[in-house]
Amino acid sequence: MIDARRLRTLQAVADHRTVTAAAAALYLTPSAVSQQIAALEQETGHKVLARDNRGARLTAVGEILLRHAGAVIAELERAEAEVAAYTSGAAGEVTVAAFATGISVVLAPAITALGETSPGIRVRVRDVEGDESLPMVLDGRADIAVAVEYRGAPSAGDRRLVRVPLYAEPFDAVLPRRHRLAGAGAVPVAALADDLWIGPYPGNPCHDVMVLACEYAGFRPRLAHSSDDFRAVVTLAAAGAGVALVPRSALRDMDLSQVAVRPVDGVVATRRVFAAVRCGAEEHPLFRPVLEALGAAAGKVPPGDPVTA
């Protein structure tokens, strides 16, 4: 009989590529992870990991087990959800990992609504970058993610996760006040090919959106300044340090008096936001109200009129 906990450990090693990284994600010691893998190998009678100087890779048997691990874990999540529903587990703590703007746009309003509809549910918020929340859910460090699409993200068809679409928003061009296009109605991204750029660090999903928008326009941006804080990005643009693409919701309630904010012409850069839970956990009586509250909050997100400055 294969222990499902060891399948979770194998899945973590496959996701993180090394025993050490998997151990950190699972809040275990590397020795404990190695013992779990050794026990799995004893249960199956086959090696499931091969180690070299680049880390750990799955053997053929390890790949077979990994293909089944998602389905096994999802069924266990469903069983736990049914047991929790049977015992009316509508009281408890739910950990939600979300990026800063997602917290302000949908998560905070959802928490307010839950205080009225499901007062027994306590939401514990973890403010993380948009590319960190999905691994946290897969590793069990969070119950729900408010995430965005990014390069290297688990695909929409990944059977380990269930996604709930929330909202989509465009990015606007943020220009210095004296920029040659500051008075334009809409700015083609291609017209900014010769400018210096300000943007998030690589790995941030918004960095991917910026780079892809520029690539579609036929160039790679010359990233001169990097910050994951959009207030800092706007301040740098105000100082004339470069141009930027910023999600529209991130610009609301900012001081934009020293910059020009213009909609993007042509192929519009877009951030698509969704909630995600582990497959099988979507009907858990603690998680379902939170997902519904997030969906309701997303339905009240403004349609996205340009922020002008």
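## A buried pair

E169 is buried, at a relative accessible area of 6%, where buried means under 20% relative accessible area, exposed over 50% and partly exposed in between (1.4 Å probe, protein chains only). R271 counts as buried too, at 5% relative accessibility. These two residues form a salt bridge, with their closest N and O atoms 2.8 Å apart. E169 sits in strand β6 and R271 in strand β13 (residues 270-278), so the pair ties together parts that are 102 residues apart in sequence.

## About the model

This is a predicted model, in which local features need pLDDT of at least 70 and side-chain atom pairs count only at pLDDT 80 or more, while totals for chains, interfaces and linings use all residues. Residues are numbered from 1 along each chain as its sequence is written, and side-chain values use heavy atoms, leaving out hydrogens and water.

## Salt bridges to look for

Side chains of opposite charge can pair when their charged atoms come close. Here, a salt bridge is a side-chain nitrogen of Lys or Arg within 4 Å of a carboxyl oxygen of Asp or Glu. By this rule there are 15 salt bridges.

One of them joins R160 and D15, at 2.8 Å from N to O. R160 is in the loop between β5 (144-148) and β6 (161-176), D15 is in helix α1 (residues 4-16), and the two are 145 residues apart. Helices (H or I, at least four residues) and strands (E, at least two) are DSSP runs, numbered from the N terminus. D15 is partly exposed, at 33%.

Another salt bridge links R141 and D139, at 3.1 Å from N to O. R141 is partly exposed at 27% relative accessibility, whereas D139 is buried at 11%.
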